[in-house]
Number of protein chains: 2
Amino acid sequence: ADPAALAAARAHQDSLTKPRGALGVLEEVAVRLAGAAAVSPPPLPTPAALAIFAADHGVHARGVTPWPQEVTVQMVGNFLAGGAVANAFAAQVGASVTVVDVGVAADLPPAPGLTVSKVAYGTADLSVGPAMTAEQVVAALEAGIAVARELVDQGARCLVTGDMGIANTTASAALICAFTGKDAAAVTGRGTGVDDETLARKIEVVRQALRVNGLAGRREGLPATGPANGREGADGQPVSAGDLSGGLPVGMGDLSGGLPERVEGTPEDGRAVPPLEVLAAVGGLEHAAIAGFVLGGAALGVPVILDGVIAGAAALAAAALAPAVVDHCVAGHRSAEPGHAAALDHLGLRPLVELELRLGEGTGGLLAHPLVCAAVRVMHEVATFDSAGVTDKEA
Amino acid sequence: ADPAALAAARAHQDSLTKPRGALGVLEEVAVRLAGAAAVSPPPLPTPAALAIFAADHGVHARGVTPWPQEVTVQMVGNFLAGGAVANAFAAQVGASVTVVDVGVAADLPPAPGLTVSKVAYGTADLSVGPAMTAEQVVAALEAGIAVARELVDQGARCLVTGDMGIANTTASAALICAFTGKDAAAVTGRGTGVDDETLARKIEVVRQALRVNGLAGRREGLPATGPANGREGADGQPVSAGDLSGGLPVGMGDLSGGLPERVEGTPEDGRAVPPLEVLAAVGGLEHAAIAGFVLGGAALGVPVILDGVIAGAAALAAAALAPAVVDHCVAGHRSAEPGHAAALDHLGLRPLVELELRLGEGTGGLLAHPLVCAAVRVMHEVATFDSAGVTDKEA
């Protein structure tokens with residue numbers, strides 16, 4: 001963040017005709033966006049564009065959700081027909097909707113509003129080995145970056161993350177464990193609504209995924225460690241997602257410098273697992289794509305409103321790759337999923353909407369868009385004590 | 001609320017292409033508004049109209065705020081010039097802004113957007129006797145009702161409460177104590193930002209106001225009692241705001257039946273204080289007007305989004321007069337002022353926005369408007385599992 005713009009934004013806030021700090025969290029949002037944009041006031045973050053990244057998950061076979069896998073493709077059809085909640089919320093806030101197939105387990109017919117960037121027909125089962133190969137992670141990440149660039153080229157001045165993928169809260173929980181060091185039981189939730197038995201199975205699947213992929217046993221706040229905890233496949237042999245240490249083969253401007261080697265904190269023992277390898281091990285194709293979308297939006301200097309727990313998990317990966325992206329992120333909401341709060345705490349982001357949503361699709365991010373606009377609009381339109389002739393108690 | 005519309009709205013929510021309950025609090029908002037409108041889905045609550053009721057307070061002389069009283073009139077000028085935060089937020093959500101002078105302590109020149117319904121040049125000091133006469137309360141209440149009717153006649157389909165009045169958080173705290181039975185220390189806050197010494201004085205002023213006006217010593221959840229606690233003026237003699245038991249001389253349709261006699265709960269001892277008398281004793285002219293605005297909006301079948309602690313205090317009065325109005329109210333936000341949470345709890349309303357705002361003007365209510373629209377829009381636009389061909393796990 002640009003220190004001069006941050007300071008200018010804070011001073012500007014304090015000159016406006018309102019008691020200092022009276023807009024609470026919204027003042028901080030406007031100041032943060034000024035820092036990210038390196039200009040005060042920051043540009044109005046409108047119009048917004050929602051991208052819904054859709055993909056399937058091999059772990060679905062483990063019975064972690066009562067919803068059949070084909071609901072992913074059915075909901076893609078619903079988005080394209082304009083019939084989902086995300087469409088209604090997008091219409092409410094004037095956002096465009098783009099659906100991106102990065103890994104749906106079916107072929108989708110071409111349709112207006114659909115971008116096909118399919119990397120695979122779903123991931124492998126993360127509980128028996130890496131969900132993705134190194135190549136798949138990079139391809140999905142690049143797909144997300146490309147969508148960000150295209151939407152900004154088309155005029156978007158704010159990006160909103162969306163997702164669709166039956167079973168993707170399981171992968172999210174595993175990613176959040178890996179990046180924050182939290183225990184599986186603390187961050188694994190009921191997703192779209194699972195019973196106690198399924199929840200217990202889901203937690204066990206997350207634990208197994210971490211163990212099998214060498215990501216278990218991290219202490220909170222430290223990155224995953226390697227050899228000490230082993231890294232074994234279903235057959236007890238170490239598995240590998242290939243060499244991801246080479247980093248991201250895309251031009252990201254200022255962000256690219258930090259990509260290849262970045263890990264969080266200090267490994268306690270053994271090697272640290274690079275973020276892309278964590279993503280490959282237990283992530284989903286939509287997580288990788290959303291991480292790219294966040295990196296792309298940040299690199300292009302556009303605010304990115306994060307939706308729910310899937311976006312939170314993806315943002316942890318993006319932030320591990322390039323910590324500066326967090327400056328460009330706004331936490332749209334906090335979902336009912338327990339891992340989401342853990343992810344946002346780790347990112348240092350405070351959510352704007354807390355209404356117990358647990359839908360995904362970008363719905364919580366869209367709801368936050370008018371709040372973000374309002375926060376920034378204040379800096380453009382509100383009179384100062386001086387200009388309005390209002391007595392300032394602190395002058 | 002209409003039971004058939006409530007049931008129809010719940011069934012409709014459960015048929016939509018989302019997991020049941022996945023929209024959290026927003027589902028309940030949409031269902032409540034269906035019940036209030038007696039039709040499912042309820043009408044889209046747009047366009048919205050903000051009314052900012054402005055008035056001054058005799059208690060200002062007690063040093064309960066660092067802001068000079070003339071800031072009330074200065075801010076009215078700022079609203080009319082379009083330079084306040086409320087204007088920026090109204091522009092963001094497409095709401096009109098009407099400023100209503102119900103009791104500013106100065107004459108205001110005519111201006112577009114200003115409705116002059118001045119009842120008095122501010123209230124009397126509530127800490128030495130009733131703030132208003134019976135006639136003043138009724139006049140302010142009627143002014144609020146008239147504004148609601150005018151805005152709805154002009155096409156508004158959602159009303160948003162706003163307020164401006166230096167020192168009005170002091171009157172709000174006293175009203176909240178009187179209606180909820182809470183202790184002054186628990187509900188009196190720092191308003192727009194007072195120091196510890198001023199806060200202590202403010203709490204003492206609220207206690208004194210309750211004592212002097214015979215409203216002290218209520219047990220939580222019970223209405224104010226009369227003779228047992230005495231009702232004395234500064235000179236130790238009982239004071240009276242006149243006879244308010246005759247009720248409200250306006251046609252309110254279904255709501256009018258409950259107005260005159262309604263008190264909350266059961267008096268423990270002595271007489272119960274009628275709501276209008278509580279309002280007269282420790283309220284402000286803008287509180288009375290906002291109570292009327294809420295009653296008016298409810299009588300006209302239009303949702304009313306409540307702003308902050310001033311609206312919360314006024315809504316307690318409106319609800320005490322006619323409990324059914326609460327069905328039509330949406331709690332726009334919860335402010336940083338502690339009394340606001342107490343008021344919302346008493347009303348049984350859950351706030352939509354919790355961002356530590358403490359500005360008033362209607363700002364928190366405006367921020368909630370897109371959320372309310374989004375909640376209702378879902379019921380109009382989202383496809384059902386059947387119509388979209390999406391598999392329902394619970395079918």
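Two strands count as paired if DSSP finds at least two bridges between them. Helices (H or I, at least four residues) and strands (E, at least two) are DSSP runs, numbered from the N terminus. What you have open is a predicted model, in which local features need pLDDT of at least 70, side-chain atom pairs count only at pLDDT 80 or more, and totals for chains, interfaces and linings use all residues. Residues are numbered from 1 along each chain as its sequence is written, chains are lettered from A in the order in which they are written, and side-chain values use heavy atoms, with hydrogens and water left out.

**Stop 1: the sheet in chain B**

Select residues 96-103 of chain B, which make up strand E2. E2 runs parallel to E3(B), and 3 bridges join the two. For one facing pair, pick B:Asp101, which stands opposite B:Val116 in E3(B).

Now bring in the rest: 6 strands form an open sheet in the order E3-E2-E1-E4-E5-E6, with parallel pairing. Strand E3 (114-116) and strand E6 (329-331) of chain B are the edges, each pairing on one side only. On average, neighbouring strands here are turned by 25 degrees against each other, direction ignored.

**Stop 2: two helices across the sheet**

Show 71-81 of chain B, helix H3, which lies across strand E1 (48-55), E2, E3 and strand E4 (158-164), at about 140 degrees to E4(B). Then show 363-381 of chain B: helix H13 lies across E1, E4, strand E5 (304-306) and E6, at about 130 degrees to E5(B). Axes are lines fitted to C-alpha atoms, for helices over the stretch in contact (heavy atoms within 4.5 Å); angles run from 0 to 180 degrees between N-to-C directions.

**Stop 3: B:Leu352**

Click on B:Leu352. Leaving aside neighbours within four places in sequence, its contacts include A:Leu355 as well as B:Val25, B:Leu26 and B:His333.

**Stop 4: A:His333**

Hop over to chain A and find A:His333, in the loop between strand E6 (329-331) and helix H12 (338-347). Is A:His333 buried or exposed? At 3% relative accessibility, it counts as buried (under 20% relative accessible area; exposed is over 50%, partly exposed in between, with a 1.4 Å probe and protein chains only). Beyond neighbours within four places in sequence, A:His333 contacts, among others, A:Asp307, A:His340 and A:Leu352.

**Stop 5: B:Asp392**

Select B:Asp392, in the segment after helix H14 (385-388) of chain B. B:Asp392 also counts as buried, at 13% relative accessibility. Not counting residues up to four places away in sequence, B:Asp392 touches A:Trp67, B:Arg20 and B:Phe385.

**Stop 6: the axis**

Zoom out to both chains. A rotation of 180 degrees with 0.0 Å of shift along its axis superposes chain B on chain A (RMSD 0.0 Å), by least squares on the C-alpha atoms of residues with pLDDT of at least 70 in both. The two copies are thus related as by a two-fold rotation axis. Finish on B:Val353, whose C-alpha is the nearest to the axis in chain B, 3.3 Å from it.
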